[in-house]
Amino acid sequence: MNNKAMLGNVLLILTAFIWGCAFVAQSVGMDFVGPFTFNGTRCIIGGIVLIIANIVFDAVKKKNGTYKEPSASEKKELLKGGIICGIIIFAASTIQQFGIAQTTVGKAGFISVLYILIVPFLGILLKQKLPKMIWICCALALCGLYLLCMTESFSLSKGDFTVLVSAIAYAIHIIAIDHFAPKVDCVKLSCIQFLIAGAVSVIFMFIFENPDIEKILEAWLPILYAGALSGGVGYTLQTVAQKWTKPSVASLLMSFESVFAVLAGAVLLHQIPSLREIAGCLFMFASIIIIQLPEKKKAGEIK
């Protein structure tokens, strides 16, 4: 594994940590506002943070003489990627919110991260061949996630199916990022996608909800965390890291957010994990270690 691939993996694990802690923020925030309001405000905050980051980064590049004005074609690709990824993020996060409201948190957590298998499946549809090690690690990760999240008998209710649809949307987002990230400025791409997702969420917020500024202010801390860190920082790290990490590996590493969610719940909400949940964490650790071991490449495999 080269240095860039290793850096990409580290950034994705950091992303998983940020997203895992965001489950606490999301849980608290939804006590005050509806899903469109929560997603709209958090995405706009994330977009604003990234606007500031873009200004700073461009200023540093200009000072160092490394700034390069994007061509017309690059600007067009950036706008196209931002709009497409933004709409996908809006759809995935909104569908997930509605699904969580109709099922248990344990089932939702397990079903949501099924994107670790959906991504390789989409790769097969795109006529890509995958190493056997990916499937072994996916199996380990799924075993871990089952032990980590499932506390009752499994059955596919309406809410479960809704969360499954959101997992498919998140898998499509990973594929979309893998397509656009090597072609455009990653921070600008992440900024546009969040502004688009926020704008669409706000439109739906005024149509289907009754936004209350006092309720939004009461939820300022979880919204700020979800917007600035989980959104602005987390998705930017994902976008940057996927320049060096193939989507099937990226999806597996990001699924580790479930482990960090358990740890965050224990520290912040005093929800101490059971032996079953600890066993799930160990399965996840094993899958992440194995996926980073050197592997032999064969003709036709994803590079």
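Which residues are linked in a network of salt bridges? Some notes on that and on one helix follow.

1. The network takes in Asp58, Lys61, Asp185 and Lys188. A salt bridge here is a side-chain nitrogen of Lys or Arg within 4 Å of a carboxyl oxygen of Asp or Glu. Across the whole structure, the search turns up five of them.

2. A quick word on the basis: this is a predicted model, where local features need pLDDT of at least 70, side-chain atom pairs count only at pLDDT 80 or more, and totals for chains, interfaces and linings use all residues. Residues are numbered from 1 along each chain as its sequence is written, and side-chain values use heavy atoms, with hydrogens and water left out.

3. Lysine 188 pairs with aspartate 58, with 3.1 Å between the closest N and O atoms. Lysine 188 sits in helix H8 (residues 186–208) and aspartate 58 in helix H2 (residues 35–64), so this bridge ties together parts 130 residues apart in sequence. Helices are DSSP runs (H or I, at least four residues), numbered from the N terminus. Aspartate 58 is buried, at 15% relative accessible area; buried means under 20%, exposed over 50%, partly exposed in between (1.4 Å probe, protein chains only).

4. Glutamate 77 and lysine 183 also form a salt bridge, 3.8 Å from N to O. Glutamate 77 is in helix H3 (residues 72–100), while lysine 183 is in the loop between H7 (158–180) and H8, 106 residues apart. Lysine 183 is partly exposed, at 44% relative accessibility.

5. Now for H12: nine of its twelve residues are buried, so the rest of the structure largely encloses this helix. Among the buried ones are Phe260 and Val262.

Terms used:
Helices (H or I, at least four residues) and strands (E, at least two) are DSSP runs, numbered from the N terminus.
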